[in-house]
Amino acid sequence: MSDQKTFQLNTGARVHAVGYGCFQGAPGDADGALRNGMKVAFDAGYRHFDTAAFYENEEIVGAAIRDSGIKREDLFVTTKLWNDRHHEVEKAFDESLERLGCGYVDMYLLHWPQATHKGDNWSADDSIDYIETWKSLEKLLETRKDKVRAIGVSNFSVKTLPHLLENCKVTPAMNQVECHPYCQENQVLEMCKQRGIVMSAYTPLGQANSPVLADPDINEIAKEVNASPGQVVLSWNVQRGVVVLPKSTNPARARQNHELVQLSDAQMQRIQNISKDPKRVMRLCSTFDPKTRTSYGWSYERLGWTEPEPQV
């Protein structure tokens, strides 16, 4: 069935359950991959687009939106504050908005809890913490009232999210994390549901040559429901209440990714059971470095992200 499913945010707005991840192609889209991909996405029915200042393609995303001929109010656009701009949230937001040129941003996310020094993504800047940064995002809702519709976070864990919730005035509307059958983040999802936060999944299919799409359980279910392995993985996440952000410049695959299928309770449980297999529980996003156990200057422990552990 064609995906028009939406989830309601704690702001009252609705977001499409299947969005288009814009982290692809060369910086500035020198290879044209994103520009072509967005044309494919519009044709396939995508109306939710996820980008970030760090992706260096907000101008391309904005131009594609303006050229699409689709009404702005029918689209949902997310962008993010990068780690080296925690000290200047308003300026960073204004710059993103100018690059996008699409009038307003539906969701502005704090990309990571940690700040880094200018020009060095791997050097943590401990002169500011994410509570201070979040308060600056809250302020945007007043100073940029007509320009930002909702604020949220990304890469917040069962350690950092509760700390934020204890110290915020505005509850985040979204938490975007790596999430797929090999990294299910069930505890984070449960916490988000309890607090009315929509969880969204980046790398929902794993990265290039992902073992998820070759998984025997996923492939057997795909045969049972006459769908692609990717459709099964995305449908599993959406059925449990997670927004997914696949990315593909291949027209046929982009259309497939946008088409959800209905999985039975038994099929859902079979995928859930993957989380109990230590051989299949792993992070696939290259941002997390298993050798140093760090990501952008913070240790796994500080981030609150342990290596995914099998769920008993």
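On a 1 Å grid over the protein atoms alone, a pocket is an open set of points where a 1.4 Å probe fits, with protein on both sides within 12 Å along at least five of seven lines, and its lining residues have an atom within 4 Å of a point. The model here is predicted, so local features need pLDDT of at least 70 and side-chain atom pairs count only at pLDDT 80 or more, while totals for chains, interfaces and linings use all residues. Residues are numbered from 1 along each chain as its sequence is written, and side-chain values use heavy atoms, with hydrogens and water left out.

The largest pocket comes out at about 720 Å³, a volume being the space filled by probe spheres set on the grid points, which are joined across faces, edges and corners. Its lining takes in 36 residues, and Thr-203, Pro-204, Gly-206, Gln-207 and Lys-247 lie nearest the centre. Helices α8 (229-239) and α9 (251-258) each supply at least two lining residues; α9 gives the most, with three. Helices here are DSSP runs of H or I with at least four residues, and strands are E runs of at least two, numbered from the N terminus.

Then there's strand β9 (residues 151-154), covered on both faces: Ile-151 and Val-153 on one side, and Gly-152 and Ser-154 on the other, are all buried (under 20% relative accessible area, with a 1.4 Å probe and protein chains only). Strand β6 (residues 107-110) runs parallel to β9, joined by three bridges; pairing takes at least two DSSP bridges. Leu-109 has Gly-152 as its bridge partner in β9.

Notes. Buried means under 20% relative accessible area, exposed over 50%, partly exposed in between (1.4 Å probe, protein chains only).
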